[in-house]
Amino acid sequence: MAGKFISSDEAETTIVETAKVLMQDGSTLNDAQYGIYAAKLVGDVLDYCHRDDFPKALVYTCADLLVKRVNDTADDTKGLKSIKMDDTQFDFAHGDVTAGTQADADFETIRPKLNLYRKIGGWS
């Protein structure tokens with residue numbers, strides 16, 4: 001069973017390395033920013049699953065989420081539906097914007113996978 005799990009530090013490093021390979025488009029993020037995103041993601045997974053060790057099988061899933069987060073961060077026109085140059089008209093996509101953060105919504109999509117590794121929590 002020991003081969004199926006890694007430490008949180010090793011998970012963060014592996015997720016960042018995997019995400020960088022997946023990106024390959026010269027993202028403007030530096031290593032510290034990748035590390036922060038990965039640390040938050042690993043922490044969220046460990047908290048949700050009530051674990052101290054990280055399931056290796058979730059590395060690629062988390063790397064995909066990290067890439068999505070980086071790509072979402074690079075897109076600054078998310079809430080903008082249309083723009084007009086003369087007379088400066090902006091239309092915002094109010095109906096298309098959801099409450100909460102996109103990162104939270106993305107995390108929700110992997111809950112079925114996380115449930116495979118979740119332990120019963122609440123008792124120490």
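Trainee: Which members of the largest nonpolar core touch the most other members?

Mentor: Ile15, Tyr34, Val45, Phe54, Leu66, Phe107 and Leu114 do, out of 28 residues in that core. A nonpolar core is a set of buried Ala, Val, Leu, Ile, Met, Phe, Trp, Tyr and Cys residues joined through side-chain atoms within 4.5 Å. Helices H1 (8–23), H2 (31–49) and H3 (59–74) each supply at least two of its residues. H2 gives the most, with 9.

Trainee: What should I keep in mind about the source?

Mentor: The model is predicted: local features need pLDDT of at least 70, side-chain atom pairs count only at pLDDT 80 or more, and totals for chains, interfaces and linings use all residues. Residues are numbered from 1 along each chain as its sequence is written, and side-chain values use heavy atoms, with hydrogens and water left out.

Trainee: What does valine 45 touch, residues up to four places away in sequence not counted?

Mentor: Phe54, Leu58, Cys62, Phe107 and Leu114. Contact means heavy atoms within 4.5 Å.

Trainee: Why does phenylalanine 107 count as buried?

Mentor: Its relative accessible area is 10%. Buried means under 20%, exposed over 50%, partly exposed in between (1.4 Å probe, protein chains only). Phenylalanine 107 is therefore buried.

Trainee: What makes the pair of tyrosine 48 and phenylalanine 107 edge-to-face or stacked?

Mentor: First, the structure holds 2 aromatic pairs. Rings of Phe, Tyr and Trp (its six-membered ring) pair if their centres lie within 6.5 Å; planes under 30 degrees apart are stacked, over 60 edge-to-face, the rest tilted. Now yours: the centres of tyrosine 48 and phenylalanine 107 are 6.2 Å apart with planes at 85 degrees, so the pair is edge-to-face. Tyrosine 48 lies in H2 and phenylalanine 107 in H4, so the pair ties together parts 59 residues apart.

Trainee: Where do strand and helix names come from?

Mentor: They are DSSP runs, numbered from the N terminus: helices (H or I) have at least four residues, strands (E) at least two. The protein chain comes to 5 helices and 4 strands.

Trainee: Is tyrosine 117 buried or partly exposed?

Mentor: Partly exposed, because its relative accessibility is 24%. Phenylalanine 5, at 14%, counts as buried.

Trainee: How many disulfides does a search of the whole structure find?

Mentor: It finds 0. A disulfide is a pair of cysteine sulfur atoms within 2.5 Å. For cysteine 49, the nearest cysteine sulfur is that of cysteine 62, 9.1 Å away.

Trainee: How does the reach of H1 compare with the span expected at 1.5 Å a residue?

Mentor: H1 has 16 residues and reaches 22 Å from its first C-alpha to its last, close to the expected 22 Å. The expected span is 1.5 Å times one less than the number of residues.

Trainee: What makes aspartate 106 count as buried?

Mentor: Its relative accessibility is 8%. Aspartate 106 sits in helix H4 (residues 102–109). Neighbours within four places aside, aspartate 106 contacts Leu65, Lys68 and Asp72.
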